[in-house]
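This report describes one protein model for a reader who is new to structures. Please look at the sequence and the 3D view before reading on.

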Amino acid sequence: MAAAVAMETDDAGNRLRFQLELEFVQCLANPNYLNFLAQRGYFKDKAFVNYLKYLLYWKEPEYAKYLKYPQCLHMLELLQYEHFRKELVNAQCAKFIDEQQILHWQHYSRKRMRLQQALAEQQQHNNTAGK
């Protein structure tokens with residue numbers, strides 16, 4: 001009985017840890033949050049930098065599939081470099097990253113829409129040619 005309770009407690013603890021780490025990793029996609037962390041000295045703390053290194057396991061497909069904001073993985077990768085962490089103190093750096101993410105998203109959205117339109121036209125053409 002005690003073993004079952006301990007196992008249940010471990011499962012609940014693991015679920016909570018998973019949720020907290022998932023939420024934190026996704027927060028890394030926000031350059032303003034990174035600037036906030038940098039300005040408060042988190043990136044100078046060796047334990048915090050080691051934690052960022054530990055979080056690289058989120059790049060594995062079995063974990064990455066849960067991410068809603070995949071750009072957080074790129075930021076997590078960049079945070080492994082001291083120079084990048086130091087630059088994040090500058091608000092202009094965070095603003096630049098934010099602007100680049102928006103431009104990338106806009107380009108991706110337009111490109112995806114064009115591909116979907118081309119596919120729809122091709123399907124319509126195939127349907128009329130088949131009749």
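In which helix does Glu21 lie? Glu21 belongs to helix α1, residues 2–27. Helices here are DSSP runs of H or I with at least four residues, and strands are runs of E with at least two, numbered from the N terminus.

The model is predicted: local features need pLDDT of at least 70, side-chain atom pairs count only at pLDDT 80 or more, and totals for chains, interfaces and linings use all residues. Residues are numbered from 1 along each chain as its sequence is written, and side-chain values use heavy atoms, with hydrogens and water left out.

Glu21 counts as buried because its relative accessibility is 5%. Buried means under 20% relative accessible area, exposed means over 50%, and partly exposed lies in between (1.4 Å probe, protein chains only). Not counting residues up to four places away in sequence, Glu21 touches Tyr51, Tyr54, Leu55, Tyr57 and Trp58. A contact requires heavy atoms within 4.5 Å.

Leu52 lies in helix α3, residues 46–54. Its relative accessibility is 0%, so Leu52 is also buried. Leaving aside neighbours within four places in sequence, the contacts of Leu52 are Phe24, Leu28, Phe43, Leu76, Leu79 and Gln80. Leu52 and Gln80 are 28 residues apart in sequence, and their C-alpha atoms are 7.2 Å apart in space.

**Helix α2**

Which residues of helix α2 are buried? In this helix, residues 31–39, they are Pro31, Leu34, Asn35, Leu37 and Ala38. Seen down the axis of α2, these residues fall within an arc of 160°, so they line one face of the helix. The arc is taken from the directions from the helix axis to the C-beta atoms.

The N-terminal end of α2 is capped by Asn30, with a side-chain oxygen 2.8 Å from the backbone nitrogen of Asn32. After α2 comes Gly41, which has a positive phi, near 80°.

**Cysteines**

A disulfide is a covalent bond between the sulfur atoms of two cysteines. Here a disulfide is counted when a pair of cysteine sulfur atoms is within 2.5 Å. The structure holds zero disulfides. Cys27 is in no disulfide, and its nearest cysteine sulfur is that of Cys72.

| Residue | Relative accessible area | Class |
|---|---|---|
| Cys27 | 30% | partly exposed |
| Cys72 | 0% | buried |

Key: Polar contact = N/O pair within 3.5 Å; in protein donor to acceptor, adjacent residues only side chain to side chain.
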